[in-house]
Amino acid sequence: MLVSYSLVSTAVVMFAFQLYLSSAYEKQGNTNSKAAFKFSCGAFMTGFVILFIINRFRFEFTPFSAGISFLAALNSIAFSFCSLKSFSKINLSLYSVFCSLGGMVLPFIVGLVFYDEKLTAGKIICLVLIAAALGITVEKGNKSGGTIYYIGVFVFNGLSGVLSKIHNDAPFEKTSEAGYSMLLALWTVIICIILILLNKDENIKLTKKSTGCIIGYGILSNVANYFLLLSLRKGLPASAQYPFVTGGLMIVSTIICCFTPDKPKKKEVAAVVLSFIGIMALCFLDR
């Protein structure tokens, strides 16, 4: 399990930095739907190239992997759409909570119910503490409504982990983890190109900084998700992996904030402490 947790820990750090790049891209004025599709297209195009290199310049294909990766690509774009809409409709801090809870809870439940993963004291303590940590970070905001987008963010972010678990454990012929990730990236690029051509929003030209954000995000995101697939293949249960990712991301993101003008607040530090305790419980009691 040490190798699996090392892979997940590395992925968590990469996820934290990708959030910074995503935020930097939005601050460049790239806020409409077409800009969002361009971001996804460029990021996954970059990811495809990186994964092609990781996979030793081999392209793999099986009908099952192609089908699941297509669903995962649709799910990824649906999540991006709900996220984009939610930023103008709902409280941002509550958005973060629903996003994190979906990514943690749905794979947790699926792993226990459909894959006979054991419900241990470590998993229970970790889930409860991280849910509590997410809860105390919620702030009141002026935005209201948009319930459908809360649900969309929760479900689609959670389905990402569920689809990864399905692909990993299904008895059908399938590609390697890198091969699956390449198919997912390729499907996403194809779908995004179609959406860009059909989209009638104003066309925003990308600056060097925006392009850098896209490339950096593409490398970090695709490699990090590849590491999560590897950890599943090495036997780490989904019910352990995704609470670890959620708690770890909160910790690393807060540490990064300490070195920026946006210093973490007391309740955010308290949330990190709860997350750290939850992760320690998962590592030492989940045996």
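Among contacts in the protein chain between residues at least 6 apart in sequence, what percentage join residues at least 24 apart? In this predicted model, the figure is 89%.

Let me start with the chain as a whole. Its secondary structure consists of ten helices and zero strands, so the pattern along the sequence reads α-α-α-α-α-α-α-α-α-α. The radius of gyration is 18 Å, close to the 19 Å given by the globule rule for 287 residues, so the chain is as compact as a globular protein of that length. Along the principal axes, the C-alpha trace spans about 50 × 50 × 35 Å. Of the 287 residues, 50% count as buried.

Helix H6 covers residues 147-169, which makes 23 residues. From first C-alpha to last, H6 reaches 33 Å, close to the 33 Å expected at 1.5 Å a residue. The buried residues of H6 include Tyr-149, Tyr-150, Gly-152 and Val-153. Further along H6, Lys-165, His-167 and Asn-168 are also among the buried residues.

Last, a pair of helices. H9 is residues 238-257 and H10 is residues 266-285. Their axes come within 9 Å and cross at roughly 145°, and the crossing is left-handed. On the H9 side, the contact is made by Ala-240, Phe-244, Gly-247, Gly-248, Met-250, Ile-251 and Thr-254. H10 contributes Glu-268, Ala-271, Val-272, Ser-275, Phe-276, Ile-279, Leu-282 and Cys-283. How do the residues of this contact divide into nonpolar, polar and charged? Ten are nonpolar, four are polar and one is charged.

Technical notes: Residues numbered from 1 in each chain as written. Predicted model: local features only at pLDDT ≥ 70, side-chain atom pairs only at ≥ 80, totals over all residues. Heavy atoms only, no water. Axes fitted to C-alpha atoms, helices over the stretch in contact; angles between N-to-C directions. Helix = DSSP H or I, 4+ residues; strand = E, 2+ residues; numbered from the N terminus. Left-handed = near helix turned anticlockwise from the far one by under 90°. Contact = heavy atoms within 4.5 Å. Nonpolar A, V, L, I, M, F, W, Y, C, P; charged D, E, K, R; others polar. Expected span 1.5 Å × (residues − 1). Buried < 20%, exposed > 50% of the residue type's maximum accessible area, 1.4 Å probe, protein only. Rg over C-alpha atoms; globule rule 2.2 N^0.38 Å.
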